[in-house]
Amino acid sequence: MKLGSVLVLIGVVLAILGGLLWGLPIYGVWQQELAGRAELVRAEQNRRIAVLEAQARLEAEELNAAAEVARARGVAEANAIVAEGLGGPEGYLRYLWIQSLGENGQDVIYIPTEAGLPILEASRPLQD
């Protein structure tokens, strides 16, 4: 090889090394900037997801509350209709009491007197 071509080769190698030494820090800064942008976009997306999930939970709770109110209104209307048919609230309560007598499976029924005290049958023999 000639001395001129060796010098050109050394010059090219030095130019490449110089370019790398100059370009690597700039590439590192550029790469960090891209990584920062990607992290920012990821954080914004996660925040949007959290907000949408919270809005969905709020809408679900509002709908559940509206359904509960509608159910309570329906029960109140049904109770009013039954009570009206039985002669008012006292008749309805009497009806509910009579219905519960058959469901509790007890053999002894205590009926309150006018003074509000039950009639006790202590002398009655137990039935087996």
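Predicted model: local features only at pLDDT ≥ 70, side-chain atom pairs only at ≥ 80, totals over all residues.
Biologist: How many helices and strands are there in this protein chain?

Modeller: The chain has 2 helices and 0 strands. Residues are numbered from 1 along each chain as its sequence is written, and side-chain values use heavy atoms, with hydrogens and water left out.

Biologist: Where does α1 bend, and by how much?

Modeller: At G23, by about 30 degrees. That's the angle between axes fitted to the seven residues ending there and the seven starting there. A proline, P25, follows within four residues. Just after α1 comes G87, with a positive phi of about 90 degrees.

Biologist: On to the rings. How many aromatic pairs does the structure hold?

Modeller: It holds 2. In one of them, Y27 and W30, what makes the pair tilted is the angle of 40 degrees between the ring planes, with the centres 5.8 Å apart. Rings of Phe, Tyr and Trp (its six-membered ring) pair if their centres lie within 6.5 Å; planes under 30 degrees apart are stacked, over 60 edge-to-face, and the rest tilted. Y27 and W30 sit 3 residues apart in helix α1 (residues 3-85), about one helical turn.

Biologist: And what is the pair of Y92 and Y95 called, and why?

Modeller: Stacked, because the planes are at 15 degrees, and the centres are 6.5 Å apart. This pair belongs to helix α2 (residues 89-103), where Y92 and Y95 are 3 residues apart, again about one helical turn.

Biologist: Why does being three or four places apart matter in an α-helix?

Modeller: There are 3.6 residues a turn, so residues with that spacing point the same way.

Biologist: Is Y92 buried or exposed, and how do you know?

Modeller: Buried means under 20% relative accessible area, exposed over 50%, and partly exposed in between (1.4 Å probe, protein chains only). Y92 is at 17%, so it counts as buried.

Biologist: What makes E44 and R48 a salt bridge?

Modeller: The rule asks for a side-chain nitrogen of Lys or Arg within 4 Å of a carboxyl oxygen of Asp or Glu. Here the N to O distance is 4.0 Å, so the pair meets the rule. E44 and R48 are 4 residues apart in α1, about one turn. By this rule the count comes to 5 salt bridges.

Biologist: How far apart are the closest N and O atoms of E68 and R71?

Modeller: 2.9 Å, and they form a salt bridge. E68 and R71 are 3 residues apart in helix α1, about one helical turn. E68 has 44% relative accessibility, so it is partly exposed, and so is R71 at 47%.

Biologist: What joins the side chains of R94 and E90?

Modeller: A salt bridge, at 3.2 Å from N to O. Both residues lie in helix α2, 4 residues apart.

Biologist: Is E90 buried or exposed, and why?

Modeller: Exposed, because its relative accessible area is 58%. R94, at 46%, is partly exposed.
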